[in-house]
Amino acid sequence: MRRFSYTINSENGIHARPAGVLVKAGSQFKSDIILYKGEKHANAKSLFSVMGLGVKDGERIDIEISGEDEDSASENIEEVLQNYFRAVKAEETLA
Amino acid sequence: MFDFLKIKKHFEVVSPMDGEIIPISEVEDDAFSQKMLGDGVAVVPTSGLVLAPVDGKVAQVFDTLHAYGICSDNGVEILIHVGINTVELKGNGFKSFVSNGQKVKKGDKIAQVDIDLLKEKGYSLQTPVIITNIDSVKNPGYHLGNAKSGQTVIISYDK
């Protein structure tokens, strides 16, 4: 299991198109990829699920990845968050 | 061997807006034209009223009111994204008649869009209507040409 947190730094948050980029990235992997925002969580492989989180600029999300390819999945998802959402890695992760 | 007993059903998605239906590959936005978000068609609308394309539930109304996710009663997820880059308008020019979780019937009013305002501000009116969980359907068919909102079939599929 891999866990990490990011603060989104992109003016319109994770709206439709950017959610698609994230889902496309996540769907390549076998691992389960769950995004948490406060009390809510989403399956990173479902566009409707990710859009439903309604992540806005400046908000923090926690990502949990578990499965046989969790290392490469984590690397890829972190890259998407950094490059596409200019997200900044947060120090603490969800307990 | 009992495959013939399985009930296969044919479903249809109608156009949410009046206008011309074009292939998704012709949309001026890579995320849509490369089918990154799903597969479907786009409407180039001639009027601003947006109607429900299927019977289902409103899964997602964006805060900016420019995009609507509808989950059909059979579990197919349909995204209607009005115009390109219209997230930037932050709701300006959009009026929504629905809220998250609300049940809708095909042809119910979803939103009203000021397409003159979008044009004036230089936004493309191309409105992708796509199935985001396209892997869950069989034999999808896309129907191009002129469409009447709430009536003309633009996507058909089996499930």
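**Figure 1. Where chain B meets chain A.** In this predicted model, 21 residues of chain B touch 14 residues of chain A. Together the two chains bury about 1400 Å², and carbon and sulfur atoms account for 66% of that area. Three salt bridges are found across the interface. Strand 7 of chain B supplies the largest share, four residues. By residue type, this side of chain B divides into 11 nonpolar, five polar and five charged residues.

**Figure 2. A salt bridge between the chains.** Here we zoom in on A:Lys56 and B:Asp63, which form a salt bridge with their closest N and O atoms 3.1 Å apart. Polar contacts also cross the interface of chain B and chain A, with six residue pairs found.

**Figure 3. Helix 1 of chain A and its surroundings.** Helix 1 covers residues 16-27 of chain A, and its 12 residues reach 16 Å from first C-alpha to last, close to the 16 Å expected. How enclosed is this helix? Of its 12 residues, 10 are buried, so helix 1 of chain A is largely enclosed by the rest of the structure. Among the buried residues are A:Pro18, A:Val21, A:Leu22 and A:Val23. Within chain A, the buried residues of the helix pack against strand 2 (32-37), helix 2 (47-53) and helix 3 (70-84). Their packing partners also include helix 1 (30-33) and strand 7 (77-81) of chain B.

**Figure 4. A:Arg3 joins A:Glu64.** The whole structure holds 12 salt bridges over all chains, and this view shows one of them, with the closest N and O atoms of A:Arg3 and A:Glu64 lying 3.1 Å apart. The pair links distant parts of the chain, 61 residues apart: A:Arg3 sits in strand 1 (residues 2-7) and A:Glu64 in strand 4 (residues 60-66) of chain A. A:Arg3 is partly exposed, at 42% relative accessible area, whereas A:Glu64 is buried, at 16%.

**Figure 5. A:Glu59 joins A:Lys37.** In this salt bridge the closest N and O atoms are 3.2 Å apart. A:Glu59 lies in the loop between helix 2 and strand 4 of chain A, while A:Lys37 belongs to strand 2, 22 residues away. A:Glu59 is partly exposed, with a relative accessible area of 25%; A:Lys37 is buried, with 16%.

**Figure 6. A:Arg60 joins A:Asp62.** The side chains of A:Arg60 and A:Asp62 meet in a salt bridge of 3.0 Å, N to O. A:Arg60 is partly exposed, at 35% relative accessible area, and A:Asp62 is buried, at 7%.

Terms used
Residues numbered from 1 in each chain as written. Chains lettered and ligands numbered in written order. Predicted model: local features only at pLDDT ≥ 70, side-chain atom pairs only at ≥ 80, totals over all residues. Heavy atoms only, no water. Helix = DSSP H or I, 4+ residues; strand = E, 2+ residues; numbered from the N terminus. Expected span 1.5 Å × (residues − 1). Buried < 20%, exposed > 50% of the residue type's maximum accessible area, 1.4 Å probe, protein only. Contact = heavy atoms within 4.5 Å. Buried area = accessible area lost by both parts, 1.4 Å probe. Salt bridge = Lys/Arg side-chain N within 4 Å of Asp/Glu carboxyl O. Polar contact = N/O pair within 3.5 Å; in protein donor to acceptor, adjacent residues only side chain to side chain. Nonpolar A, V, L, I, M, F, W, Y, C, P; charged D, E, K, R; others polar.
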